[in-house]
Amino acid sequence: MSGTISLFEAYNRTAYPLVGHGKRNIQVLKDVLSELDGKMESDVYGSGELIEDFQNKIAKFLGKEAAVFFPSGTMAQQIAMRIWSEKKGIKRVAYHPLCHLEIHEEEGLKHLHGIESLLLADKTRLIQLEDVLNMDTNISCLLLELPQREIGGELPSYEELEAISAFCREKGIILHLDGARLLEVLPYYEKSAEQICSLFDSVYISFYKGIGGIAGAILAGHEAFVKESVIWKRRHGGDLISLYPYVLSADHFFMQRQDRFQQYYEGAKELAGLYNDCQGTTTRPVVPVSNMFHIHFSLPKAKLEPVLVAVYEETGVGFITRLNHIDDETSYCEVNIGDQFASIPKEVIHQAFHVLNQKLQEALQEK
Ligand SMILES: Cc1ncc(COP(=O)(O)O)c(C=O)c1O
């Protein structure tokens with residue numbers, strides 16, 4: 001059967017999928033709702049206990065005065081950039097060239113808000129203190145993403161973050177955190193969310209990545225900032241009459257998984273080590289600093305996919321769901337560790353890696 005089905009299909013058929021929490025099917029919502037009293041009042045246009053209690057809980061967790069729930073991080077962050085640009089009277093913000101706003105939002109910042117971007121560093125590395133010290137400071141806001149997803153989830157040191165934060169405060173530049181994966185980086189920093197967020201003026205976190213909810217985001221900061229963001233949420237049509245399926249799933253999985261991120265981080269380090277022992281395979285970072293990393297293969301996508309499908313079918317272990325083309329010689333993918341990894345017997349994983357390594361060696365020899 002190898003080669004006739006897609007990598008994603010083959011992965012979904014395995015008994016031991018290594019990454020994530022499980023399938024993104026509607027059972028996720030059914031599990032959440034099955035525990036709740038059907039008489040619970042829905043939220044209505046951003047009001048009501050259900051949404052307000054959750055916003056307050058997350059504001060407290062992040063150590064911020066207030067927080068507002070958004071259907072998406074895309075909406076939340078563009079709005080944050082808009083508010084800070086108006087406050088400072090400068091329609092320019094700085095961020096990494098592989099920032100979500102730059103590469104995944106169809107230039108929403110420019111088309112919807114007339115805000116320009118100043119790109120710091122380059123696509124191959126993190127923004128460093130030196131980039132910030134030497135940047136054109138005619139910007140309203142600097143956005144940092146922790147971890148920097150598109151380069152494997154790398155992170156600056158905490159000391160570097162502190163220095164960047166101090167510089168921005170001295171220069172009157174707003175510092176915003178794209179913390180889509182904030183919980184994922186806390187074990188590496190050995191800090192609380194509140195400690196990390198204290199370095200930033202505003203923060204966004206996602207509820208469908210490591211937390212594993214359906215969708216949704218929180219934007220947090222000072223009371224006045226959050227008040228304004230509520231107005232912008234309405235202007236954007238993000239103030240749905242009811243957001244409870246998202247809020248309830250966000251709350252449910254936040255409570256269920258908030259203390260598991262150390263486990264995911266340890267799992268990522270273990271799994272990356274196994275990949276790095278395979279031929280023609282390296283991870284970025286070599287030692288992960290969160291629950292995620294990238295795997296770079298010295299084989300092109302078209303050659304590697306059938307090899308992986310064959311390994312999944314032989315071992316029952318699913319390694320990755322998607323492979324990205326780089327060039328005729330190489331390919332890469334992203335890996336995120338969730339609940340599944342720890343539930344798989346170690347001997348099953350080690351045996352599967354043995355098979356993977358063998359098949360990679362054969363494919364590399366044929367190259
Ligand atoms: C780093 C980062 N920021 C922002 C977003 C946007 O989140 P949403 O999909 O909720 O719009 C994502 C989504 O993948 C992300 O990875």
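Predicted model: local features only at pLDDT ≥ 70, side-chain atom pairs only at ≥ 80, totals over all residues.

Residues are numbered from 1 along each chain as its sequence is written.

Let us begin with the whole protein chain. It contains 15 helices and 13 strands; these are DSSP runs, with helices being H or I of at least four residues and strands E of at least two, numbered from the N terminus. Along its principal axes, the C-alpha trace spans about 60 × 55 × 35 Å. The radius of gyration of the protein chain is 21 Å, which agrees with the value near 21 Å for a compact globule of 367 residues (taken over C-alpha atoms, the rule being 2.2 Å times the number of residues to the power 0.38). Of the 367 residues, 44% count as buried, meaning that 20 or more other C-beta atoms, placed from the backbone, lie within 10 Å of the residue's own. Among contacts between residues at least 6 apart in sequence, 76% join residues at least 24 apart; a contact here means C-beta atoms, placed from the backbone, within 7 Å.

Now find helix α4, residues 73–88. Its 16 residues reach 22 Å from the first C-alpha to the last, close to the 22 Å expected (1.5 Å times one less than the number of residues). Because 12 of its 16 residues are buried, α4 is largely enclosed by the rest of the structure. Among those buried residues are Gly73, Met75, Arg82 and Trp84. After α4 comes Gly89, with a positive phi near 70°.

How do helices meet one another? Two packed helices are described by the angle and the distance between their axes. The axes of α4 and α11 (residues 223–235) come within 10 Å and cross at roughly 120°; axes are lines fitted to C-alpha atoms, for helices over the stretch in contact, and angles run from 0 to 180 degrees between N-to-C directions. Ile79, Ala80, Arg82 and Ile83 of α4 make the contact with Phe225, Glu228, Ser229, Trp232 and Lys233 of α11.

A second pair is α2 (residues 27–34) and α12 (residues 244–257), whose axes come within 10 Å and cross at roughly 80°. That makes α2 roughly perpendicular to α12. Here Val28, Leu29 and Val32 of α2 meet Pro245, Leu248, Ser249 and His252 of α12.

Methods. Contact = placed C-beta atoms within 7 Å. Parallel < 35°, antiparallel > 145°, perpendicular 65-115°, else oblique.
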